[in-house]
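Subject: Handover of a structure and its findings

Dear colleague,

Please find the structure placed below, followed by an account of what was found in it. I would be grateful if you read the account with the structure open beside you.

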Amino acid sequence: MLTVTETASGMDSISDSTPHTTTGLRRTDSRGEEGSATVEFVLLAALLLIPVIYFLMLTSQIQSAAYASVAAADQAAKAMAGAPDASSAAGRADEVVALTLGDYGLDPSVAQSALACSTSPCLEPGSSVSVEVAIRVPVPLLPQGLGWDAAVATVTSTSQQPVPRFG
């Protein structure tokens with residue numbers, strides 16, 4: 001309802017006396033959502049952090065296998081080249097591969113090694129020996145006793161060493 005009133009200066013002023021209502025706007029009580037941001041943060045952090053940690057575990061296992069295969073192949077080739085005779089060379093190389101994999105925390109059963117000589121008979125002065133080590137990287141946190149043969153990658157390294165001429 002509009003009302004017209006005359007002021008002291010002689011001017012009329014118009015005022016609206018109808019009550020104003022806001023339709024469609026509701027005031028909500030914010031006390032019901034206290035702490036929900038914390039819960040959402042914790043849940044989202046857990047959902048995003050677990051795959052990241054799993055990925056880091058996977059890449060660290062692959063990197064460890066890569067370092068182990070390089071070291072095992074190199075040391076086995078050196079042990080084989082320095083062997084006194086061909087009959088003990090293969091046994092020395094296999095022992096060195098198992099020891100090196102153990103140093104890197106890997107089970108020797110996940111690795112395969114192949115030995116080769118450039119000449120026949122093996123270990124002739126001036127010839128070379130070659131060792132290839134292949135390591136299967138298992139899926140992290142997967143139980144190995146269930147009979148599943150799940151490997152993420154196979155890392156292979158080769159090393160070649162000359163047999164000394166005046167050994």
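**The sheet**

In strand S4, the bridge partner of leucine 115 is valine 131. Helices and strands here are DSSP runs numbered from the N terminus, with at least four residues (H or I) for a helix and at least two (E) for a strand. Two strands pair if DSSP finds at least two bridges between them.

Before going further, please note that this is a predicted model, in which local features need pLDDT of at least 70 and side-chain atom pairs count only at pLDDT 80 or more, while totals for chains, interfaces and linings use all residues. Residues are numbered from 1 along each chain as its sequence is written, and side-chain values use heavy atoms, with hydrogens and water left out.

Valine 131 also stands opposite serine 159 in S5. The open sheet has 3 strands in the order S3-S4-S5, with antiparallel pairing. Its edge strands are S3 (111-117) and S5 (151-162), each of which pairs on one side only. From one strand to the next, the twist averages 15 degrees; axes are lines fitted to C-alpha atoms, for helices over the stretch in contact, and angles run from 0 to 180 degrees between N-to-C directions. S3 and S4 are paired over 7 bridges, and 11 bridges join S4 (residues 128-138) to S5.

**The chain and its helices**

The protein chain has 2 helices and 5 strands. Read from the N terminus, the elements follow the order β-β-α-α-β-β-β. Of the 167 residues in the chain, 21% are buried, where buried means under 20% relative accessible area, exposed means over 50%, and partly exposed lies in between (1.4 Å probe, protein chains only). Among contacts with a separation of 6 or more, 56% are between residues 24 or more positions apart; a contact means heavy atoms within 4.5 Å.

Helix H1 (residues 36-81) lies across S3, S4 and S5, and runs at about 25 degrees to S5. Helix H2 (residues 86-103) also packs on the sheet, where it touches S3 and S4, and its direction makes about 145 degrees with that of S3.

Alanine 77 lies in H1. This residue counts as buried because its relative accessible area is 0%. Leaving aside neighbours within four places in sequence, alanine 77 is in contact with Val129, Val131, Ser159 and Gln161. Alanine 77 and serine 128 are 51 residues apart in sequence, with 9.2 Å from C-alpha to C-alpha.

Threonine 100 is found in H2 and is buried, at a relative accessible area of 10%. Not counting residues up to four places away in sequence, threonine 100 touches Ala68, Ala71, Ala72 and Gln75.

**The nonpolar core**

Which residues have the most contacts inside the largest nonpolar core? They are Val133 and Ile135, in a core of 24 residues. A nonpolar core is a set of buried Ala, Val, Leu, Ile, Met, Phe, Trp, Tyr and Cys residues joined through side-chain atoms within 4.5 Å. H1, H2 and S4 are the elements that give two or more residues to this core, and the largest share, 9 residues, comes from H1. Beyond four places in sequence, the residues that valine 133 touches include Ser69, Ala72, Val97, Ser113 and Val155.

A disulfide is a covalent bond between the sulfur atoms of two cysteines. It is assigned here to a pair of cysteine sulfur atoms within 2.5 Å. The structure holds 1 disulfide, which joins cysteine 117 to cysteine 122 with an S to S distance of 1.6 Å. The link is left-handed, with -55 degrees about the S-S bond. Cysteine 117 is partly exposed, at 32% relative accessibility, and cysteine 122 is partly exposed, at 22%.

A polar atom of its side chain lies 2.6 Å from the backbone oxygen of glutamate 124. Not counting residues up to four places away in sequence, serine 127 touches Ser118, Thr119, Gln161, Pro162 and Val163.

Yours sincerely,

A colleague

Technical notes: A polar contact is a pair of N or O atoms within 3.5 Å; within protein, one must be able to donate a hydrogen and the other to accept it, and residues adjacent in sequence count only if both atoms are side-chain atoms.
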